[in-house]
Amino acid sequence: MDQPEWIPAQLRASAFSVQAAAQLGIGRARRDSRHFDRPFFGVRNAAPPDSVVEQARSYLPRMKPAQAFAGVTGLRLLGLPWQQRWSSRETLEIAVPGNRYAPKSRGVRGHRIAEHRFETVELDGLRVLTPLAAVLDVADRLELAQLVGLMDAVLTPSEWYPGLRWRPMCTSLAELEEYVRSWHLAAPRARALAALPYVQIGVDSYWESLTRMAFVQAGFPEPVIQHPVSTSIGVCRVDAAWPDFRCAAEYEGEHHRTDGRQWEQDIRRFEALVAAGWTPIRVTKSDLRPEALGSLLQRVSSALRNAGWRPGRRPDVR
């Protein structure tokens, strides 16, 4: 937005309340003009937010000391995975402890969390629920595979996991289970307890988690993650492996396609796995779309059957 000279410098730098503008002599007509964005009631900004961090900062003039960013907003701020892309039209989620007033106005949805579970961290000057609280806060909104992916993320020690902005998140499965069992709301607690048996430590990405869960839900043996395989080019750690059948699935992120050097390494790695007697199956994000998933599962089934696997009873996984 074009900024005229009459706007004070302090109102150009960050979001501000209409009261702050009035104290600086900016009348209602000017503060309600096209020169300012209006992200929330009683708040003006020099420009619309271009990220969830900027969106959250825009709410700071209204934020109370007993409030924290939560829900999907909290996950995004922590860098935890969420499949949908952020949009400036996305509702900002705020949590409050106990029976305090939960905000509700244009662009904002508030809700209450038990006092003993209102645990927060400070990130870039923003108060956010802790990673475990943020995940349990959305647990009953998610399909099982998505929730397992989030729980994998809070447990991973991987330095390669993209986007995570807070460490450490959680140190062990035992800690995660104890926390889940102590959650105060029945529905998300039950959903998270159902996900716990499928959580693994050590994944490198959310999409690796979804790939593994697609195999589990299809009735295949649960693969071993980050399994080491000795090859002519050294030890290759494969994303998901069935060592008894010498089959492996490798999730190929976007950088595998766009980075020429990575692409060459992937080819040599694939050839080395084949030479070592393994059947590698390459998986992309497109393979996990509903319309393409059947084809991927057929490829995996064929590889496992050719190696001697015979399907038993399908697991009761929803």
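**The sheet and its helices**

Author: In this predicted model, four strands make up an open sheet, ordered β9-β10-β11-β12, with mixed pairing. β9 (224-231) and β12 (279-283) are the edge strands. Each has a single partner strand, so one side of each has no neighbour in the sheet. Neighbouring strands are turned by 50° against each other on average, direction ignored. In general, strands of a sheet pair through backbone hydrogen bonds, either parallel or antiparallel.

Now look at one pair. Strand β11 (residues 247-251) and β12 run parallel, joined by five bridges. Find Tyr251: its bridge partner in β12 is Val283.

Next come the helices. α13 packs on the sheet and touches β10, β11 and β12. The direction of α13 makes about 175° with that of β12. α10 lies across β9, β10 (234-242), β11 and β12. Its direction is at about 140° to β11.

α7 (144-155), α10 (206-217) and α13 (290-306) each supply at least two residues of the lining of the second largest pocket. The largest share, four residues, comes from α10. This pocket has a volume of about 490 Å³. By type, the lining divides into 10 nonpolar, three polar and four charged residues.

Terms used:
Residues numbered from 1 in each chain as written. Predicted model: local features only at pLDDT ≥ 70, side-chain atom pairs only at ≥ 80, totals over all residues. Heavy atoms only, no water. 1 Å grid on protein atoms, 1.4 Å probe; cavity = no way out; pocket = protein on both sides within 12 Å on 5 of 7 lines; lining within 4 Å. Points joined across faces, edges and corners; volume = space filled by probe spheres on them. Nonpolar A, V, L, I, M, F, W, Y, C, P; charged D, E, K, R; others polar. Pairing = 2+ DSSP bridges. Axes fitted to C-alpha atoms, helices over the stretch in contact; angles between N-to-C directions. Contact = heavy atoms within 4.5 Å.
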